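Have the viewer open and follow along.

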Amino acid sequence: MKVKEINNKEKWEGFLKQCEEKTFLDSWNWSIFQEKLGKKVWRLGVFEDELKAVSTVIKIDARRGTFLFIPHGPVCKPEADSKQELIKILLKKVKKIAGEENASFLRVGPIWERNRENKKAFDGLGFKKAPLFKHPELTLELDVTLPERGLLKNMRKSTRRSIRKAPDKGVETFKSKDVDDLDKFYELYEKVVERNNFVPFSLDYIKKEFSTFSEDDQILTIFSRYKGEILSSAVVVYWQGRAFYHHGASDLKYDVPISHPVQWEAIKEAKRRDCKAYNFWGVAPEDASDAHPWSGLTLFKTGFGGKRKKYVKTRDYPFSLRYWPTYWFEKLRRKNRNL
């Protein structure tokens, strides 16, 4: 097997269409977006006569040091023989990149089912369990091939009631493909940041993401409005037959259903685009306490039905002793965040 860089969008996206386990973090447009943020990116393919797997490698320059990151990868075909062999051959190439870029470690966040076989793919190769994940390792996915009536039936009673009552209460929903409408989203987003005290994405970050995916009509902002005021919004990515709820915000000013109709509109849009699944992104573990920072959001998301999907835990591969201060810093950060 050999590793080569792939510089052709059609070849990259065409391969991913053959793969079952993937997210928009594996897409060509996600790597373009990273480059717009000023990050260095390598689009790597593993070949054995034909293309077997792909991985996007991103150089992250953080205050705690430089490292390389593979988000939701490697991605391989379902019939791939040995994921450990794929990791091993990729690691050789990434080590070379790390030396050239002075990176202290590699972080890998696969979108592989959390089972014994997939966990063993990292055994004996020098990987450590990462102290902190960069993207959620547990998500909620809804099958949207069911008719609308079936989707509503499978929801929690209170969620279904909120969706049905919203129009009667005067709540309107609408969609936008205009990047400038993200200013309205961000006003709500800042209120969520203030309520929940977390480090936000910048408006520039979200606009760059939106403009990148909008070139292929793969993203929308969905809003709900009450008494002329926008009170809830979601930024949703639609890619390769899947929809992903990536950013959300709301204002709790009025006691009316505002966020449920936004999600319902996003789900209906996924059906209109012939998507198979709607991914709610990160949720808390089933045994998490109420102190978990995602507990309230998880209660909201699970009201729509769907199934939890557990991914293999994020792994780190240290390249130097400079990794260990980062390890202990992030381990403490995770504890402080109750994650």
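## A buried pair in a helix

Keep in mind that this is a predicted model. Let us begin with F185 and Y189, which are both buried. The two residues belong to helix α7, a run covering residues 182-196. They sit four residues apart there, about one turn of the helix.

## Aromatic pairs

Searching the whole structure turns up 27 aromatic pairs. For F185 and Y189, the ring centres are 5.6 Å apart and the planes meet at 20°, so this pair counts as stacked. The cut-off behind that label is a plane angle under 30 degrees.

Elsewhere, ring pairs join up into a cluster. Its members are F24, W30, F33, F201, Y205, F213, F244 and W281.

## Arginines over rings

Two arginines are worth a look in the viewer. R43 lies over the face of W28, and its distance from the ring centre is 4.4 Å. R273 is placed over the face of Y238, at 4.6 Å from the centre of that ring.

## Around S259

Now turn to S259, which is found in helix α9, spanning residues 259-272. Which side chain does the side chain of S259 meet in a polar contact? The partner is the side chain of S232, at 3.1 Å.

Leaving aside residues up to four places away in sequence, S259 touches S232, S250 and F300.

Conventions: Residues numbered from 1 in each chain as written. Predicted model: local features only at pLDDT ≥ 70, side-chain atom pairs only at ≥ 80, totals over all residues. Heavy atoms only, no water. Phe/Tyr/Trp six-rings, centres within 6.5 Å; stacked < 30°, edge-to-face > 60°. Buried < 20%, exposed > 50% of the residue type's maximum accessible area, 1.4 Å probe, protein only. Lys NZ or Arg CZ within 6 Å of the ring centre and 35° of its normal. Polar contact = N/O pair within 3.5 Å; in protein donor to acceptor, adjacent residues only side chain to side chain. Contact = heavy atoms within 4.5 Å.
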